[in-house]
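I set out to record what I looked up in this structure, entry by entry. The coordinates and sequence are placed here for reference.

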Amino acid sequence: MHWGSALDEGGAAGLVRPYFRTHGRTRPTRDLPVETLVSTTARGRAMTRGSTPEESEICVLCRTSQSVAEVAARRRLPLGVARVLLSDLADRGLVAVHTAKHGSGNRPNMDLMKRILHGLSRL
């Protein structure tokens, strides 16, 4: 995989190194397991400036609830990068983090796991 950041012949930006997208950070400020659902808040929908194109695209994507894994896959981001970006957006009130309801024995709810599996299989 090529991680260069130069412009291609068509003028579109090429891929950039993952740490560039997170300003060198590798750890999110929140615990975001892959099954955690996130959705754009009213503030995130009204966002007009002050965000990177990547953050804006994530806010558009999360207008319908998405799992952390879905955001990473749909935006073609490494999971760690998606977690840092989502954590930043949540800290700024642009996305809401929805904690999973647990079934018996502190295990994730089976309906939630089925929805996540279905969503991932559609990717």
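The entries below go from the overall fold to single side chains.

**Entry 1. Basis.** I worked from a predicted model, in which local features need pLDDT of at least 70, side-chain atom pairs count only at pLDDT 80 or more, and totals for chains, interfaces and linings use all residues. Residues are numbered from 1 along each chain as its sequence is written, and side-chain values use heavy atoms, with hydrogens and water left out.

**Entry 2. Secondary structure.** I looked up the elements and found six helices and three strands. Helices (H or I, at least four residues) and strands (E, at least two) are DSSP runs, numbered from the N terminus. Along the sequence I read the pattern α-β-α-α-β-α-α-β-α. I then looked up burial: 32% of the 123 residues in the chain are buried. Buried means under 20% relative accessible area, exposed over 50% and partly exposed in between, with a 1.4 Å probe and protein chains only.

**Entry 3. The sheet.** In what order do the three strands stand in the open sheet? I found the order β2-β1-β3, with antiparallel pairing; two strands pair if DSSP finds at least two bridges between them. β2 (66–67) and β3 (95–98) each have a single partner strand, so one side of each edge strand lacks a neighbour in the sheet. I found four bridges between β1 (residues 37–40) and β3, and two between β1 and β2. Val-38 has a bridge partner on either strand: Gln-66 in β2 and Val-97 in β3. Ser-39 is partnered by Ala-96 in β3. I also checked the two faces of β1 and found both covered, with Leu-37 and Ser-39 buried on one side and Val-38 and Thr-40 buried on the other.

**Entry 4. The nonpolar core.** I take a nonpolar core as a set of buried Ala, Val, Leu, Ile, Met, Phe, Trp, Tyr and Cys residues joined through side-chain atoms within 4.5 Å. The largest has 19 residues, and those with the most contacts inside it are Ile-58, Cys-59, Val-71, Leu-77, Leu-86 and Leu-89. At least two core residues come from each of α3 (53–61), α4 (68–74) and α5 (79–91). Helix α5 gives the largest share, six residues. In soluble globular proteins, nonpolar side chains tend to be buried together.

**Entry 5. Helix α3.** Which residues of α3 are buried? I listed Glu-54, Glu-55, Ile-58, Cys-59 and Leu-61. Seen down the axis of α3, these buried residues fall within an arc of 160°, so they line one face of the helix; the arc is that of the directions from the helix axis to the C-beta atoms.

**Entry 6. Salt bridges.** I searched the whole structure and found four salt bridges, each being a side-chain nitrogen of Lys or Arg within 4 Å of a carboxyl oxygen of Asp or Glu. One of them joins Glu-54 and Arg-75 (3.4 Å, N to O). Glu-54 lies in α3 and Arg-75 in the loop between α4 and α5, so this pair ties together parts 21 residues apart in sequence. Glu-57 also bridges to Arg-75, the closest N and O atoms being 2.2 Å apart. Glu-54 is buried at 13% relative accessible area, Glu-57 is partly exposed at 35%, and Arg-75 is partly exposed at 25%.

Glu-55 and Arg-92 meet in a further salt bridge (2.9 Å, N to O). Arg-92 lies in the loop between α5 and β3, so the pair ties α3 to a part 37 residues away in sequence. Glu-55 is buried at 8% relative accessibility, whereas Arg-92 is partly exposed at 30%.

Entry 7. The side chain of Glu-55 reaches the backbone nitrogen of Thr-52 at 3.0 Å. Glu-70, in helix α4, reaches the backbone nitrogen of Ser-67 at 2.7 Å through its side chain. Glu-70 is buried yet has no salt bridge, and the nearest side chain of opposite charge, Arg-74, is 4.1 Å away. For charge, Lys and Arg count as positive and Asp and Glu as negative, while His and the chain ends are not counted.

Notes:
A polar contact is a pair of N or O atoms within 3.5 Å; within protein, one must be able to donate a hydrogen and the other to accept it, and residues adjacent in sequence count only if both atoms are side-chain atoms.
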